[in-house]
Amino acid sequence: MTRAHVLDLVGLVVRLLLGGVLLVAGALKVGNPLGSARAVQGYDVMPFEVAEYIGYALPWVEVVIGLLLVLGLFTRTSALLGALLMAAFVIGITQAWVRGLTIDCGCFGGGGQVDASETKYGQEIARDLGLALCGVWLLVRARTAYSLDRFLFGDAKERT
């Protein structure tokens with residue numbers, strides 16, 4: 001097994017990890033757009049009308065990016081968007097923590113006010129930072145094993 005093959009397999013793992021999490025998180029919220037909107041509103045950083053639009057759109061954005069990553073299609077672009085989403089989530093959770101809000105992140109459904117003992121800000125930030133690093137890995141090295149990019153476009157697209 002060559003070094004390049006090992007790196008391709010590492011890329012596969014991080015691609016499936018980031019894509020799988022986004023796909024599951026979005027799929028769990030797609031059926032409850034109002035709940036997703038209320039979860040976004042819980043962060044208390046924008047007017048409800050804006051939070052409503054973001055809450056309705058976010059699950060679908062997560063599903064599309066997650067699906068593209070799982071399939072390995074447009075990997076670099078999908079990884080960039082996934083990493084930016086994770087960075088936005090880290091910023092959102094951090095500002096809620098700093099401001100003393102006691103909310104569920106709504107990352108996998110749910111969301112809204114919770115008891116202070118139920119918040120998990122540190123774990124959620126660590127998880128999302130790890131997932132953002134998966135996106136960064138794929139930005140640097142988009143070439144992964146078993147990707148549609150490789151099947152459809154060959155290795156040339158992944159080197160650029």
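**Aromatic pairs and a helix packing**

Y121 is buried, at 5% relative accessibility (buried is under 20% relative accessible area, exposed over 50%, partly exposed in between; 1.4 Å probe, protein chains only). The model is predicted: local features need pLDDT of at least 70, side-chain atom pairs count only at pLDDT 80 or more, and totals for chains, interfaces and linings use all residues. Residues are numbered from 1 along each chain as its sequence is written, and side-chain values use heavy atoms, with hydrogens and water left out.

The whole structure contains 2 aromatic pairs (rings of Phe, Tyr and Trp, the last by its six-membered ring, with centres within 6.5 Å; planes under 30 degrees apart are stacked, over 60 edge-to-face, the rest tilted). The ring centres of F74 and F153 lie 6.4 Å apart with planes at 35 degrees, so this pair is tilted. F74 sits in the loop between helix 3 and helix 4 (75-98), and F153 in helix 6 (residues 148-159), so the pair ties together parts 79 residues apart in sequence. F74 is partly exposed at 40% relative accessibility. F153 is partly exposed at 38%. The rings of W97 and Y121 have centres 5.8 Å apart and planes at 35 degrees, so this pair is tilted. W97 is partly exposed, at 48%.

Helix 1 (residues 3-30) packs on helix 3 (residues 48-71) at about 150 degrees, with axes 7 Å apart (axes are lines fitted to C-alpha atoms over the stretch in contact; angles run from 0 to 180 degrees between N-to-C directions). Helices are DSSP runs (H or I, at least four residues), numbered from the N terminus. The two helices are therefore roughly antiparallel (over 145 degrees).

Definitions and conventions: Angles under 35 degrees count as roughly parallel, over 145 as roughly antiparallel, 65 to 115 as roughly perpendicular and the rest as oblique.
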